[in-house]
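Please open the model in your viewer and keep the selection panel at hand. The stops below go from a helix to a sheet and then to a pair of helices.

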Amino acid sequence: MKLYCLSGDPNKPCSILQFKGITFMLDCGLSSLSVLNFLPLPFVRSARLDNLPGWVPRDAADPELEKELKECCGRVFVDSPPEFLPPQSKVVDFSQVDVILISNYLCMLALPFITEGTGFAGKVYATEPTMQIGRMFLEELVDNIEQMPKASTASHWKEFLHILPPPLCDSHRPRTWKQIYNMTAVNKSLARIGMVGYNQKLDVYGALAVMAVSSGYCLGSSNWVIDSMYEKVAYVSGSSTLTTHPRPMDQAALKNANVLILTGLTQTPTANPDSMLGELCMTVASTVRVGGNVLIPCYPSGVVYDLFECLSGHLDSVGMSTVPMFFISPVADTSLAYSNIFAEWLSTVKQNKVYLPEEPFPHALLSRSGRLKHFKHIYTEGFSTDYRQPCVVFCGHPSLRFGDAVHFVELWGSNTLNTIIFTEPDFPYLEALSPYQPLMMKTVHCPIDTSLNFTQANKLIRELKPGTLVLPECYLQPPVIAPHRPDLVVDTDRPVIVFKRDDVLSLPLKRKLSPAEISTSLTEKLHPNEVRSGVSLVTMTGHLVAGDNKFTIKDISVSDLRDPDSTAARGSSGKKRLRVAEDFAKIKPDSYTWGSLNVEEFIQKISEEGITDAKVEKGTSGYIIHLFCTLEHKPGAVGANEVAQWSMEMHNTLHVVINDFNSQLYVAQVIVRMCLFTLLSACNICLFFHL
Amino acid sequence: MLDIKVTPLGAGQDVGRSCILLSMGGKNIMLDCGMHMGFNDERRFPDFSYIAPDGPANNYIDCVIISHFHLDHCGALPYFTEVFGYSGPIYMTHPTKAIAPILLEDMRKVAVEKKGDSNFFTSQNIKDCMKKVITVTLHQSVMVDSKLEIKAYYAGHVLGAAMFWIRVGSQSVVYTGDYNMTPDRHLGAAWIDKCRPNILISESTYATTIRDSKRCRERDFLKKIHECIDRGGKVLIPVFALGRAQELCILLETYWERMNLKVPVYFGTGLTEKANNYYKMFITWTNQKIRKTFVQRNMFDFKHIKPFDKSYIDNPGAMVVFASPGMLHAGLSLHIFKKWAPNENNMVIMPGFCVVGTVGHKILNGIKRIEFEGRQFVEVKMSVQYMSFSAHADAKGIMQLIQYCEPKNVLLVHGEAAKMEFLKTKIEKEFDLKCYMPANGETCIIKSDINIPVSVSLRLLKEEAKKSNMLPPDPKRQRIIHGVLVSRDVSMCLMDVDEACKEAGINRHTIRFTSTLRLEDPGPATKTAEKLVQLMNTRLKDLPILFTDFTISVESVIVKVEASDDDQKTVYVSWDNQDEELGSHILEILKSVGN
């Protein structure tokens, strides 16, 4: 079993797992940090951005570079449409991927890069909310960037990385960065998704069963269990044990996996989501009280639903119910509508509301009453009439490089009364703000990341007891932002294998068994022999039928292969049925012997039957009995050496050597077998057999 | 133990009070727990004393599965759990759990308050019963206990209707509940994968009907209504509050809009508005088209259809009223019917099936004078129309489902005996399957062939693959696997003999025979050996023969030619006891050369 790691960001994971001949891709997260190196895309031309000075390298002036790179407050930005770093594919050909499993809508933004134009012909599985909300994320991303087309694309700078200032010079493989896909690719890609429910067992080419189980992180988020009947691999991506709106995490299904792959732990291990939420509410109230506006950059679904709920409640409690909230996104209407029809994917409290029947989320009521207004864009009809200050605006994109948020930062940035609150943990907020400097508006960082923190992760690992734990290397060291917190690491007594981008791991999973089925007609013929209490053995021969990776063992179709009155009868009657040549391939041993045989008894038995000249020789691992076909007494024994070389190296071996120099061999053989069989039946030695 | 037993307590050669007992692999499952709308006495509930003569069924039933919210499928549930006594698990889908208690309460009110029925369950009973319900989502595999697994499939009959696949060990049964194989205005078509159950228990309401195209029926329905209102008549459409009602509303709404009609359309109050809310929230259970457009416009926000008030009954002029219940056995629809029936301008459209004993059933059978309690008679002069809108699978649909899931046996329930008989013959003829149709209380015992699941050691499989790859390819040749089956506790594993002995902790005892032959064959010994290989190759097909220098081996049989250039060659033939037959056969072959 092999694992290829294609992503450098544990929260935007993408790995390839090869198991039982099937190639899985686990998530296809898109690393978007690269967009921070680009200038924001405003809806209307911004004089400030247009007038930023070009960046000139220290050594030599390069007019090309100067055109592409702009400087703002000491940081250099690329003046070009933003580019993304899709998962790398040097070692794996995407056309060879059989199945893509998507854990949640935040881990699927690279999907069009992987499925379109690569020859990919496999299946993609995700839950219904993951697919529907994922569609919103993809549509918003494409819409935000396509709304603001740039005249030219910069690529010259990629040749001069070595002379560029940080962080640009540290960019990871900028030549492989790609511009965003278009809607055609998005639609084609999404059309490949097969929707699954939680705990639905998917059959993957008959070889493996794959199941999505609730991960508690967001609507429809899942972890995956890949099961071969004997070995189990659990893949844990974004998960949460906190109580928010999604269905709680299902841990039972992940227990006792042979391998547990763990990614997607919190990006803000030092911040507590609950206190951050409290701080956010207070900040909004205090800003609005003095007449300031609040901008909350956000994604179109997820924590934003909780923000609507908590914030409206808090504003009610401080007597500010009249402050309007605006939710601006190309998919705002879809997001609000869909969230209220996914009752089956919600926490019990929210789910129970539909039995009344009431909408599970209060934002349905908030938008009916006009407290929460949603628009596709700020220039959408109706926004300017409804716009009142002070107000709270929720809009994308959290990177502040495109989307309506760009406009609001430009609009409100110069007023100290206004506040921008960062809640999404994906982008370092100071980096996000850097092209807007100098900025006057207040900046508050309230990251709300409900994914597992290290304490929760360690507790989870203790409960799940995986055979081997596989995780990103960085989880074994304290985070960069808190190097002196040795408690912020994964700490476990389980065997650990770590990975980082571009690693190829061999995972310790040795398959020993395969499932099969035996037909009734065959089982009816088996008569197991109990060799020890609770352990029975029976020799079995069957026709192996393999199809769709499944094995069935059936009765051999030549029904009269063995006479019902077999071994003894065959010997005594002295007659054998004529067999066709093919039959011999189907005749397999019907019994094996075990235990020990009393040699003296055997010699006595055959001498009673007329074979009197048997010579017993003690061999290395048992006895060798030499018979010189008795009737003629012609000596001429086979040399002991030759015999020894034939005898199998095994304890409890009886080797009967019959020397036939006068065609009496057959008679001797029959006698010997008869005697043996009598002895075996007398149970001095046992057989396990199927007649 | 391998037999599967099916006993209908209701819906055996009948429609109404669906309740089927399934017994498989030591587990007992109750499929649906409905009531019969045509009876007012104890016959309305299934005869639960069959399960346990003196009450509580806990020890006899492992789980109850409810397919959908229609009362003939869930109407007896509160009685069974709260009055008769059952506290085990009950499974149903989310929409069923949301809607069933409302219909139950509605029916309870009609039964207790209007008919003065005692010995009925109470509101509290319904609430307590619903607390025991465990919801399932489509395709989710639910382990009821360590052996019993269930899984729901979309059935399309009403919102939240599901078919259930039930597995114990390697035996499985599919119970369809009521289902519909053609998508309608608000629901999708039933779907199931090729799960190859031992038994498919299918409803057969429309066992003999092959309905004409849906469009025609809809056009017909609209034409009849339009004609009636044109002559100033009133149209009564008795419906159940949920399900068919929503589909017909969508139909009428679009027609009214297109034809710009002004005649009022009313919807019986209370339940119905709430009902539409359920449809809005459970949009994921409706069909593709509605799901796609719901963000822009929710199909269940009706513009032309307004709530009905009882005072409108005697309003002059044309109107169309949807009123519940659908079989005219009680409530508002019956009330309106009594008022409007004597006028020949009016019309009643029965859009669904009516059980025996209801007013709906009577008028559909052409009875023109109906007696009510208190020797009250109503003359039926209004036009009575029947439209088959009930979303059941027709004969074609049932055959289609059989084709989808490939069962080994089919068992028909929820239909009339004569019609079932016809379908049974058809199924047996077309699919060559056994088909059963037990009556209520009659037990069907279905023997089933099952494959026993085992494990096979990969070493053994690889060894077999290696051997069969050595032979020239022949697709007709059977692959033979041979080993020792080790059973320990409940697990069984096929291994090669050495692995098996190790696993069982016993020592093998090998008995080996060696026979010596003299062959008259001048020339070098290698030549003799080659001749023997050729001979064995022709006489033993499909067995891999290994040959090195002077030694030939097949399985455990070893043939060795003594290296000497004498005219007479000494040949040793040796084999293990277990290969006696092959060994002596080879010896025979070699001896035949000597002669």
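Begin by selecting helix α12 (residues 404-412) of chain A, whose buried residues are D404(A), A405(A), V406(A), F408(A), V409(A) and W412(A); buried means under 20% relative accessible area with a 1.4 Å probe and protein chains only. This is a predicted model, in which local features need pLDDT of at least 70 and side-chain atom pairs count only at pLDDT 80 or more, whereas totals for chains, interfaces and linings use all residues. Residues are numbered from 1 along each chain as its sequence is written, and side-chain values use heavy atoms, without hydrogens and water. Helices (H or I, at least four residues) and strands (E, at least two) are DSSP runs, numbered from the N terminus.

Next, show the open, mixed sheet of chain A, with seven strands in the order β10-β8-β7-β3-β2-β1-β24; strands pair if DSSP finds at least two bridges between them. Because β10 (193-196) and β24 (504-506) of chain A each have a single partner strand, one side of each is left without a neighbour in the sheet. Within this sheet, β2 (residues 15-19) and β3 (residues 22-26) of chain A pair in the antiparallel sense over five bridges, and I16(A) stands opposite M25(A) in β3(A).

Finally, move to chain B, where A395(B), I398(B), M399(B), I402(B) and Q403(B) in α11(B) meet L423(B), K426(B), I427(B), E430(B) and F431(B) in α12(B).

Technical notes. Chains lettered and ligands numbered in written order. Contact = heavy atoms within 4.5 Å. Buried < 20%, exposed > 50% of the residue type's maximum accessible area, 1.4 Å probe, protein only.
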